[in-house]
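Please look through the model below, moving from the whole chain to its parts.

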Amino acid sequence: MKVRFVTLGCKLNFAESSALGKSLLSSGFTRAEDGEQADICILNTCTVTDAADHKCRQALSRLRRENPNAVIIATGCYAQLTADRMTGQPAAAMKGWEGADYILGNDAKFDIPELIMQVSRRVAEHPIVVSTPIREVDAFHGALSFSHVDSEDEEQHTSIADRTQRTRCFLKVQDGCNYFCTYCTIPYARGKSRNPRISELVTEAQQALTAGAKEIVLTGVNIADFGRSTGETFLQLLQALDSLSGEYRLRIGSCEPNLLTEEIIDFVAASRHIAPHFHIPLQSGSNEVLQIMKRHYTRELFAERVAYIRKQLPYAFIGVDCMVGVRGETEEYFDDYLSFVRQLDVSQLHVFTYSERARTRMVEMDLAVVPAAERKRRSDILHRLSEQKTKAFYAANAGRQVVVLWESRNSKGQMAGFTDNYIRVTTDYNPERVNTFETITYRS
Ligand code: SF4
């Protein structure tokens, strides 16, 4: 049986698709090559924005068109929300999902290897829904993916083991979120915050290094919230992962600013293996808007964290998530936000435009809606500011000695890699240097 994966969304989804892919390959499935019809298609969906939902529906109809006889299984966050919404509804209410044979919630995703042993053809006119209400989900399903990421096309992020490259891997350390920010749908799709024991993650990380990985990226929904299931802490996890044997580096995924303590920053600064690279969600630089969003910090705390990182690690890459256009973000609040972000010494802004998400508290709030054109204008302003900040960051690094991990040949026939502080560099391709560290002088 030939299987095809299409994975959308975050690194966590890719890591989970990869874990499923490995399990299927070891059960005798093979990967459908490009242009080849698959027997089973697995669509791992995302629902972080309206645009993500739209992309999932498009991917579903493309899969159905290209694989008319395949069993198509939709799973992931958008599938979970759909399954929860559809429970008790007539099957005919499944509008937009007609191409799927199964809709599996996030928990049922991990039963796919058993499920597909029992199916070999389209089963019904309307999809069959298999899902546990997300608030009842306690289980943590581990996942590890290898890939040559940071290609512009995330779908190139390989989800089946035999196509992987071994340089960098993504280790799922945590799942779910208990925060319920008013604009965010993820807690409804991923459930409560949970994690495995540190000892299990250490074993997985050591296996990844033995398999040839040189960089491990820690992924999850709210990773610094690590420990809710086990009473351990994120700092303890970092300490354990920093003491493995071998030559490698660790990157920390996105950390909420209120959880990124000075103790953690101190440890990163003194660690042997953790890259000076932080990804911190700000979302708004207006305290009034942070209140509306029910975020867990003020902008003053955020600024303190950035200043502390700069003090301990002057050349660290600091990426910051910024959202624009949420309800109640008046022009005055946006101007205030902008002037706050302007003076932040960070390396890049990841700009997201707010879109209304069903079930979230924000859609019930009696606050002014920002028109679409104005959301775009604000997004464009922050994108331009981000370009300036990144340019300044690169310029500040010019002439420094940096350690690069060479990854693989890029589409232009050159070899690309990232420095520890996340600057992408290229050089002439040399297969012997792939997957090795090298100290170079950075030229901006
Ligand atoms: S911290 Fe807030 S934005 Fe992030 S996943 Fe949790 S609820 Fe969503």
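This is a predicted model: local features need pLDDT of at least 70, side-chain atom pairs count only at pLDDT 80 or more; totals for chains, interfaces and linings use all residues.

Residues are numbered from 1 along each chain as its sequence is written.

The chain contains 12 helices and 17 strands, these being DSSP runs numbered from the N terminus (helices H or I, at least four residues; strands E, at least two). Its radius of gyration, 22 Å, is close to the 22 Å given for 444 residues by the globule rule, so the chain is as compact as a globular protein of that length; the radius is taken over C-alpha atoms, and the rule is 2.2 Å times the number of residues to the power 0.38.

An automatic or database domain assignment divides the chain into domain 1 (2-136), domain 2 (144-397) and domain 3 (401-441). The centres of domain 1 and domain 3, taken over C-alpha atoms, are separated by 36 Å.

Around the ligand lie Cys177, Tyr179, Phe180, Cys181, Cys184, Ile186, Pro187, Val221, Asn222 and Glu256, each with its C-beta atom, placed from the backbone, within 6 Å of the molecule.

Helix 7 (residues 234-241) and helix 8 (residues 262-270) pack at an angle of about 10 degrees, with their axes 10 Å apart, where axes are lines fitted to C-alpha atoms over the stretch in contact and angles run from 0 to 180 degrees between N-to-C directions.
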